[in-house]
Amino acid sequence: MPFSLPSLGYAYDALEPHIDARTMEIHHTKHHQAYITNLNNAIAGTELENQSLEDILKGLDMNNMAVRNNGGGHWNHSLFWEILQPNDKGVLSGPLKDAVLAAYGSQESFVEKFNAAAMTRFGSGWAWLCVHTGGAVEICSTPNQDNSIMPGVGCGGTPILGLDVWEHAYYLHYQNRRADYVASFWNLVNWNVVEKKYLAVAG
Ligand code: MN
């Protein structure tokens, strides 16, 4: 099977009180694992079997719902675990900060607009900060497990920061209070990782 569950790099309870251990464990071992299992099954015996996940998503037939939902699910959750961190998170700084300020004026205004993207995503989906070739950043939001690596989805940039707003990401602890979950997300963002991802695209 080409794809397997990546480790979190921190304990399930490491993000408490912002994200509880039970939610993290179910989210990682059940939800994320299911996307991977279903993706592996969907590509088995097809030409996609030997491609990287990025290549699969870039060249995706958007009518192939099994690969779209499960390939997106695997990519999105892998990014999500990576940009969360209990300690040593750094701060928004350097060229990424410059790009955020150029696009949104201030960090506060950026957070406000990102939160609005997360709050106005009806049903299930994601809010993203993406980077375009050349280094400009843009906030967007996508439904379900779509992301803007896929053809014709979102803003067309590469996601470097993402927030899962499916109810499975917060319901046990926050129930219907998505706004509280979104607000607490900012306590967990690993800016060091987001900045590395920014520089990898922007140069
Ligand atoms: Mn999720």
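Helix axes here are lines fitted to C-alpha atoms over the stretch in contact, and angles run from 0 to 180 degrees between N-to-C directions. Helices themselves (H or I, at least four residues) are DSSP runs, numbered from the N terminus.

A quick word on what you're looking at: this is a predicted model, where local features need pLDDT of at least 70, side-chain atom pairs count only at pLDDT 80 or more, and totals for chains, interfaces and linings use all residues. Residues are numbered from 1 along each chain as its sequence is written, and side-chain values use heavy atoms, with hydrogens and water left out.

**Helix packing around α4**

Two packed helices are described by the angle between their axes and the distance between the axes. Helix α4 (residues 94-104) has two such partners to look at, α5 and α8.

| Helix pair | Axis distance | Angle |
|---|---|---|
| α4 (residues 94-104) and α5 (residues 107-120) | within 9 Å | roughly 75° |
| α4 and α8 (residues 191-202) | 8 Å | about 80° |

On the α4 side, Val100, Leu101 and Tyr104 make the contact (heavy atoms within 4.5 Å), and α5 answers with Gln107, Ser109, Phe110 and Lys113. Sorted by class, there are 4 nonpolar, 2 polar and 1 charged residues in this contact. For the classes, Ala, Val, Leu, Ile, Met, Phe, Trp, Tyr, Cys and Pro count as nonpolar, Asp, Glu, Lys and Arg as charged, and the others, Gly among them, as polar.

As for α8, the angle there means α4 and α8 are also roughly perpendicular to each other. Here α4 uses Gly94, Pro95, Leu96 and Ala99, while α8 brings Trp191, Val194, Glu195, Tyr198 and Leu199. That contact splits into 7 nonpolar, 1 polar and 1 charged residues.

**The manganese site**

Which residues coordinate the manganese ion? They are His27 (NE2), His77 (NE2), Asp164 (OD) and His168 (NE2), at 1.9 to 2.1 Å. Donors are N, O and S atoms within 2.8 Å of the metal (3.2 Å for Na, K and Ca), and water is not among the atoms, so sites may look incomplete. Along the chain, the donors of the manganese ion follow the spacing H-x49-H-x86-D-x3-H. His27 sits in helix α1 (residues 21-43) and His77 in helix α3 (residues 65-83), so this pair ties together parts that are 50 residues apart in sequence. Both His27 and His77 are buried, where buried means under 20% relative accessible area, exposed over 50%, and partly exposed in between (1.4 Å probe, protein chains only).

Arg68 is buried, at a relative accessible area of 18%. Leaving out residues up to four places away in sequence, Arg68 touches Leu60, Met62, Gln145, Asp146 and Met150.

Asn69, at 29% relative accessibility, counts as partly exposed. With the sequence cutoff of four places applied again, Asn69 touches Tyr35 and Gln145.

**Cysteines**

How many disulfides are there? The count is 0, a disulfide being a pair of cysteine sulfur atoms within 2.5 Å. For Cys130, the nearest cysteine sulfur is that of Cys155, 3.7 Å away. Cys130 is buried, at 0% relative accessibility. For Cys155, the nearest cysteine sulfur belongs to Cys140, 3.5 Å away. Cys155 is buried too, with a relative accessible area of 16%.

Notes. Angles under 35 degrees count as roughly parallel, over 145 as roughly antiparallel, 65 to 115 as roughly perpendicular and the rest as oblique.
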